[in-house]
Structures are given as structure tokens and as C-alpha cells.
Amino acid sequence: MRKLIVLLFIHIAFISSFAFAQTISVEAKVDSSQYLIGDLIHFSITAEYSSDIKLLKPAVKDSLKNLTILSIDEPIVSEKNGKKLSRFNFTLSKYDSGTVTISSINLFYLTGSDTSDSKLLNLSQSEMLNNPKVRVIQTNPVVFRVNLIKVNLKKDIKDVKEPIKIPYSWEELLMYILIALLIIGILYYIYYRYKKKKSGAVEEKKIIKLPPHITALNELRKLREEGLWQQGLIKEYHSRITEIIRTYFSKRFGLPALEMTTAETLSKLRENKETEIILETTENFLTNADLVKFAKFIPLKSLNEEMMQQAEEIVNRTKKVETGVSQGDEHV
Amino acid sequence: MDITVINEKIKQESAFIDMLLQEIGKVIVGQKDMIEKLIIGLLGNGHVLLEGVPGLAKTLAIKSLASAMKAKFQRIQFTPDLLPADLIGTMIYNQKDGDFTIKKGPIFSNFILADEINRAPAKVQSALLEAMQEKQITIGKETFILEEPFLVLATQNPIEQEGTYPLPEAQVDRFMLKVKITYPSKEEELSILRQNVASDFPQINPVVNTEDILKARKVLQEVYTDEKIERYILDIVFASRNPKEYGLDSLSELISYGASPRASINLAIGAKAMAFIRRRGYVIPEDVRGICQDVLRHRIAVTYEAEAEDITSENVIEEILNKVEVP
């Protein structure tokens, strides 16, 4: 009777474990137990679990902190005998010698209705550990050794090897030739456009230089038409009219009159025989203009008109009559 | 104010200039430009540094100017052993009273002739230049305001640089004008020769008092400077700082540093004083050009390259004046 009760209990326990408990097993391993320093270490975690379990990504960072993680592959999921099989592959390396132990890695999973709870998927490792809905299983620790390269001290020390010369491939060479041709083409096009533009500008524009007196008289006429002093712009009128005459002096007599004061201009004109006839008029003209330009002097209307007459007189009495026009830098 | 009114006012207030020139002319032959610049300094309330080789009557000109005015004048010969206290004064213990009393130095005058200023060490130069700038002296705990007009007329010799203490640029900048004196003409030198050989050397009488100068300074402020002139001044000063912007590319390698804003101010004041001397109530470009060299020559520094080619700040200024457009 006692024997029968024990057998019944074992049977019930066996049946219920199949009926209600989910099964999962994990295994961690490396592809070798001995490596040389810097070798690639292929580490994998394989989990075999029933289909009602949802496996989460393993948290490996803490356990692999002494190793350099070179790559983490996408998990490979397959089915075998009605069970799911997930394999997580990692490529690691170690740049130090010694015995290495990869400690147990936590593998989190969900069961039953929790598998569809998306909130649980985004939990951190510590939150997962504290959450009763998230279950955990640990892998076995993995031990391997990383060895130094054996050096034969009896052999001669060899020099560092020369860098390996990789020969140019045809594709590469062709690419360089095409780039060079493209640059030459662009440069030639820019040069061609520049040359065309330059030659075109010369061809298109015929520059005709007017005699200084014509330019001055044109400018004076333009100034008269603008009627500046009639609009109350007296200072501007006097500045413009003196500027026209000073420009005329610089073109006609080669005086840098624009950079000279009234006294300096008059002194230079005195040295020139051609300007004797306009000396007095010029002196009056420039002195009166200075008075208006630099003092708070408001001239009579008659003086403004007289200034124009004096300016025309200066130009007309000193003009150099030429038979034709010559080429130069001024436009008509 | 109408220009005719200003002109009239200037005519009245500038009458003393003729008397001053006449009186100085008794002793100084030629050197018209130097005397004109001294008067500009006097009117513009700016100190003047005279530079010239020995024997060009620098000291005599300043002494004559001071003598022609009813004002306190002191001459201080700058020597290597001069101390600041010799200049500004010091506290002296009075045994009778058992207390310290202030003994004022020669700087407490209207006109100071700082003869051969570059022969005194830096601490004395600094004491003088500080008084020039602040126009006040502190001895012990007491501060004294210097009496107006207060004008320092300093001389220095461009040769014999051994054992001298050249004025630093920052201190030279405090002189409104640096006037360079050149040799007199043959005719002028003949007059100098005759005057000095003659038995009686003319005496200068005081013809102008300090009130005349102070009044003239007030009228000087009324001299009209048009915006065109102000802009012309700025163009000149800025051309010394950024020559390339004014088409003076060749100067950019020759100028170590350009003129300071103090140069613009002094150029404007100097041009006004020049107009005043010419009995004109407004400034014209000639006035600016007339004072330009004296205001700028000590404010523009040339590079080593320029020095190697014997190019001076005067050459640079000349080039700027030839290039900057006159309004």
C-alpha cells in the first residue's frame, strides 16, 4: 500500500510537470579551450525551450567586460522535436594572456500570457530581475585560456617586415584616369568661357575717350539741369561744380587737383602759361566755393549762377581743340 | 552764428597775435612756421615738442614767447640727475613749526620750458607728462590744480642720442604738436649774424596777458568746422591705420602703427587754431594740411623696413596727403 502511494505521487508529479511547467535549458560554450593572444573567440549561448516561452535577448555586457566584443550576430532560431532552439553568437577577442572565465549570463524569458505584454520587453536588466513576471535562467560559466605567442630566444631577431604593396587594379586605375579627365575638362571649360568673355568684351565695347573739355561741359550741363541750388542743396551744388573743374584740371593739365587744396591748385596753375588767362576767375571760383562748402555761408542766387558761368569760362578758355577722338577709357 | 559775425569776433580777439609776432620777431629771425606752431599750441591748449639740431633758437623762441606774455615762466634744464621732486616740489620739514610744509616746484607756472627733455630719466619725464595730461599736481596728500594757461614747451635734440632717454610713444602722444626746426635761409642767417654781433641785443617786452589767451581760446571754439572737413581729417587718420583702403598699398608694409584718436582730436583743434591765426571763422582743407605733419609725425610709427630705406613718418604723411581726396 505504501509503495502504491509513492508510485502514485511520482506519477502525478510527472504528469503535472508535463501539463503545466515550461521547460528551458541553456548552454554557453566557446569554440576552443586554448587561444593565442588576439585570436578570435567564438562564444555562443544556446537555449532550448518550449514554444510557450518567449526568450529575451541575453544581457552579456557585464559577463564579457574583460573581453573585447568584436561582433554580435543576430540570434538564429530553429525548431527541433517540438522545441525551440535559439543560438546567440558572439565574436570576442582578448589582448592579454591568462585564464579567462566568462561568468554565468542571465537569460530572461516570459511565460504564458506575459509573453504578449510588450511593456515587459523594454525593461532594463535590474527591472527584469525585480519583476516577478520575468523569469531568469543562468548559463554555465565558461573557462578558457589565452596564451602568449611562444618566442624562441635562440633564434635571431628579425627586422619588421616591409609593408605589403597592393598592386593597382584595372578598375581603380580607370577610376583615377576618369577623375583626372573630368578635372581637366572642367578647367578647360572655365578657361574657354573666361577667354571668350574677355575677347567678347573687347569686341563689343568700343571705348571712345572724349576730350576733357567736352566731358566737363557735359557734366556742367547735367548739373545745371539737376537744379540743385534751386532745391536748396547749395553745398552739394558747390561741391559738385568744383569737383567737375578739379577733375577737368587733372585731365587737361595733369594736375592731381582732386587731392590738392585751393591754394595748392592755384599755385600749380600759376606755374603753367596756358592757365594765365583763367587764374583770376579760378581763384574767385574756388575761393567762393570754399566759402560755401566749409563756412556757414549762404550765397546770393546770383553767385550760384555766376559760379556756373565761371566754370564754363574756365573750361572754354583753356580747352584744347582736337580734330578727332582717340581711344581710351571713357564711354560715350 | 553767421560767418561774418564769427569773422568779426576773431578779428577782434586775434589782435594780440600781431603784437606777439612783432615782439618775438625782434629776437627771432625767420622760423615763422615754428612761431606759428607755438601760437597754435598756445591757442589749442596743447603742449609742443620742438626738435632740431643745436643752435636753431629753439630755447630762445620759447623764452621769447614767454617773455612777450605777462605770465609766469620757468625753464627747467633736464639732466640725468634730475628728480621728480625737483620738478613738482616736495614736503620739507619745518623745524620751527615741527611740521612738514609744501615747497612747490618750478612746474607751478604758466609756461614751462622743458629743455632737452630726453636727457632726464623716465621717472622725471613721467612726472612732467602726468602734469601735462592731468593739469594737476599731487604733493603728499594735497592736490593742486595748475593755473591756466598751462603750456609745456619741450625741446629735444635729434642727434647725440648717447646717454639720453628717448620719450616712449605713449608719452610723446601727449604733445599736441611735434615741430621740426630746420636751418634758416642764407638771408635769414645773415640777419641773425648781424643781430648777434651788434652791441645791443633787442629786449622783449610783455605785450599779451593770460586773459587774452583764455578769451581767444573761447573764440576758437566758435570757429566752424564743416562735416566735410571732419571727414577729411578722419580720412587722413584712417589712411594711416588702413592704407590699403585708401589705395596706399605700398604704405601698409611701411607703417608699424597708425595715428590714435588723439591725433584726430588734435588735428581738428590745430586746424581751428590755424584758421584763427589766418583770421578766418571757418576751417578749410589748407588748415588741416598746414598742421598735419606736426600733429601726426610723432603719432605714426614706421617699420624697420621703412627705417632701413630711410623712409620717415613725414614721408608717409606726405604720401597720405597726396592720395586722400580733398573735399
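On chain B, the side that touches chain A draws at least two residues from each of α10 (227–241), α13 (285–296) and α15 (313–323), where helices (H or I, at least four residues) and strands (E, at least two) are DSSP runs numbered from the N terminus. By class, this side has 12 nonpolar, one polar and seven charged residues; Ala, Val, Leu, Ile, Met, Phe, Trp, Tyr, Cys and Pro count as nonpolar, Asp, Glu, Lys and Arg as charged, and the others, Gly among them, as polar.

This is a predicted model, in which local features need pLDDT of at least 70, side-chain atom pairs count only at pLDDT 80 or more, and totals for chains, interfaces and linings use all residues. Residues are numbered from 1 along each chain as its sequence is written, chains are lettered from A and ligands numbered from 1 in the order in which they are written, and side-chain values use heavy atoms, with hydrogens and water left out.

The rule also finds two salt bridges across the interface (a side-chain nitrogen of Lys or Arg within 4 Å of a carboxyl oxygen of Asp or Glu). B:D226 forms a salt bridge with A:K235, their closest N and O atoms being 2.1 Å apart. In total, 20 residues of chain B are in contact with 17 residues of chain A, contact meaning heavy atoms within 4.5 Å.
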